[in-house]
Amino acid sequence: MPDAMTPKERWLAALRLEPVDRIPFWPKLDGAYPRHREGRFADADLDSLHEWIGSDRHEPMDSALTARRTTTSVDMRRDGDTRVTTFGVPGREMRRVDQFDNHSQAWHPVRFPMHDLADIRGMTAWYSDAEWRIDEDRLRAAEERYQTLGDDCLMFTCFGQSPLMHWVEWLAGIENAHYLLKDHPAEVSELFEAMHGGLVRCAELLAERSPADAAYLSENTSTTLISVEQYRGLNKPHIMEYARVLADGPPHLVLHMCGHLKALLPDLAEVPCRGFESFTRPTLGNTTLEDGRSVCRDKCLVGGTQAMDWLRPAREIIGIIESALEPLPHHRGIVVTSAGVMPPYCEPETIREVCRWLAGHAARN
């Protein structure tokens, strides 16, 4: 067994499927979590909560990526809990309307910008006009944040979402995305290639300049949103190219995929990325750690539970995690997390008890 590791060393070893001193643990606390705390934790921030729990920290940092435009524009305006984003191209504007949910502290689209062929062509022009580069001032600030946090955590950045998933979630919406794909396949494919070109350039810039340990694509992949055939034909080829650009890392490519993945595992096994984050077990997800390890033998699996598990008493949660770990051939490349965001109704004391148990659970290297 390795000597005692820092959280960063533990995370990096897990991403590389190397031996660890213990299985890393990261409760995924977001901005909504402290708002639901009472008593001794009423005024706690996320940093102090993680310190008290004993988390293996995993913190975001700015990508410093920015797009320069020549003939197109983007304008974002907020009015209370409503945010309107206007995508402008010569002779046309397309708008997305997002609503802020105070309970989850998150934005959700309520009106999409893609409705017809003219919108598709307009958005293709909008993506084609972007020239991606690094904002030097933001990069310096990101480097300072990286140095300040030191060995306390894994530092990650996000550089977007692959074209198919962004199309489904943010541009057209689930239903209309599939209608438009069927009605205008050539034009949607042209849009995807314009989006893809920008993401390839972003991956290249991160590979050249970013101090981050990991680079995420916020995929939210799930066969409840797209089919296996669509993933294989419209999504996987793009992901393969980003993975090739970032193959030498850092930053190491990690895919955030919080949905149903079991039917995709043979395809995911071929993607040369480091890991899959938010690996969610049934019934919220449909893929266990054992499922993932049996097919994706060289990938780090970050997750292993589901949100509903964390509404149980600590001893029951521990039993669920123990049952998930027991059938695995080894514990290299495993990070136990809440998979998706930690439910606010799970108390810090519960999370801490689980963390302490896992810290004392021998990792099979």
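**Helix contact and aromatic rings**

Author: This is a predicted model. Helix α5 (residues 163–171) and helix α7 (residues 185–209) have axes that come within 9 Å and cross at roughly 110 degrees.

Reader: Are α5 and α7 roughly parallel or roughly perpendicular?

Author: Roughly perpendicular. Angles from 65 to 115 degrees count that way.

Reader: Which residues of α5 and α7 meet?

Author: From α5, Pro163, Leu164, His166, Trp167 and Leu171. They meet Val188, Leu191, Phe192, Met195, His196 and Leu199 in α7.

Reader: How many in that contact are nonpolar, polar or charged?

Author: Nine are nonpolar and two are polar. The contact of α5 with α7 has no charged residues.

Reader: Switching to rings. How many aromatic pairs does the structure hold?

Author: Nine. One of them is Trp126 with Tyr127: the ring centres are 5.0 Å apart and the planes stand at 90 degrees, so this pair is edge-to-face.

Reader: Trp126 and Tyr127, buried or exposed?

Author: Trp126 has 9% relative accessibility, so Trp126 is buried. Tyr127 is at 18% and also counts as buried. The cut-off for buried is under 20%.

Reader: Which residues do ring pairs link into a cluster?

Author: Phe87, Trp126 and Tyr127.

Reader: And charges over rings. Where does the charged end of Arg37 sit?

Author: Over the ring of Tyr33, 4.1 Å from the ring centre. Another case is Arg83, which lies over the face of Trp107 at 4.3 Å from the ring centre.

Definitions and conventions
Residues numbered from 1 in each chain as written. Predicted model: local features only at pLDDT ≥ 70, side-chain atom pairs only at ≥ 80, totals over all residues. Heavy atoms only, no water. Phe/Tyr/Trp six-rings, centres within 6.5 Å; stacked < 30°, edge-to-face > 60°. Buried < 20%, exposed > 50% of the residue type's maximum accessible area, 1.4 Å probe, protein only. Lys NZ or Arg CZ within 6 Å of the ring centre and 35° of its normal. Axes fitted to C-alpha atoms, helices over the stretch in contact; angles between N-to-C directions. Helix = DSSP H or I, 4+ residues; strand = E, 2+ residues; numbered from the N terminus. Parallel < 35°, antiparallel > 145°, perpendicular 65-115°, else oblique. Contact = heavy atoms within 4.5 Å. Nonpolar A, V, L, I, M, F, W, Y, C, P; charged D, E, K, R; others polar.
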